[in-house]
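Trainee: I'm new to this one. Could you walk me through it?

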Amino acid sequence: NISAANLALSEREIEILSLVAAGCTNQKISEKLSISLETVKSHIFRIKARLNAADRTEAAVIAVRAKLV
């Protein structure tokens, strides 16, 4: 059973992951959360590493299946 705590995902990372799962681009996430594009990219890099995902799509699928988002 995967949980955000088990994966050490922060609230912000869960928020970003939910936007990725909703189909938002990095630019759109940046605008919605009022953070820089580079910050979004950094968060997504860490999310992919923690979920052992090859790309953002796989990370989103993992999150949805695990009911993280």
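This is a predicted model: local features need pLDDT of at least 70, side-chain atom pairs count only at pLDDT 80 or more; totals for chains, interfaces and linings use all residues.

Trainee: Is helix 1 parallel or oblique to helix 2?

Mentor: Look at residues 11-21 for helix 1 and residues 26-33 for helix 2. Their axes come within 10 Å and cross at roughly 130°. An angle over 145 degrees would count as roughly antiparallel and 65 to 115 as roughly perpendicular, so helix 1 against helix 2 comes out as oblique.

Trainee: Which hand does the crossing of helix 1 with helix 2 have?

Mentor: Follow helix 1 as it passes helix 2. That crossing is right-handed.

Trainee: How many nonpolar residues does the contact of helix 1 with helix 2 have?

Mentor: From helix 1 come Arg12, Glu15, Ile16, Leu19 and Val20, and they meet Ile29, Lys32 and Leu33 in helix 2. Sort that contact by class and you get 3 charged residues, no polar ones, and the nonpolar count is 5.

Trainee: Which element gives the most to the largest nonpolar core?

Mentor: That core has 21 residues, and Ile16 and Ile29 are among those with the most contacts inside it. Helix 1, helix 2, helix 3 (37-51) and helix 4 (56-65) each give two or more residues. With 5 residues, the top giver is helix 1.

Trainee: Which helices do the buried residues of helix 1 pack against?

Mentor: The buried ones in helix 1 are Glu13, Ile14, Ile16, Leu17, Leu19 and Val20. Their packing partners are helix 2, helix 3 and helix 4.

How values were computed. Residues are numbered from 1 along each chain as its sequence is written. Side-chain values use heavy atoms; hydrogens and water are left out. Axes are lines fitted to C-alpha atoms, for helices over the stretch in contact, and angles run from 0 to 180 degrees between N-to-C directions. Helices (H or I, at least four residues) and strands (E, at least two) are DSSP runs, numbered from the N terminus. Angles under 35 degrees count as roughly parallel, over 145 as roughly antiparallel, 65 to 115 as roughly perpendicular and the rest as oblique. A crossing is left-handed if the near helix is turned anticlockwise from the far one by less than a right angle, and right-handed if clockwise. Contact means heavy atoms within 4.5 Å. Ala, Val, Leu, Ile, Met, Phe, Trp, Tyr, Cys and Pro count as nonpolar, Asp, Glu, Lys and Arg as charged, and the others, Gly among them, as polar. A nonpolar core is a set of buried Ala, Val, Leu, Ile, Met, Phe, Trp, Tyr and Cys residues joined through side-chain atoms within 4.5 Å. Buried means under 20% relative accessible area, exposed over 50%, partly exposed in between (1.4 Å probe, protein chains only).
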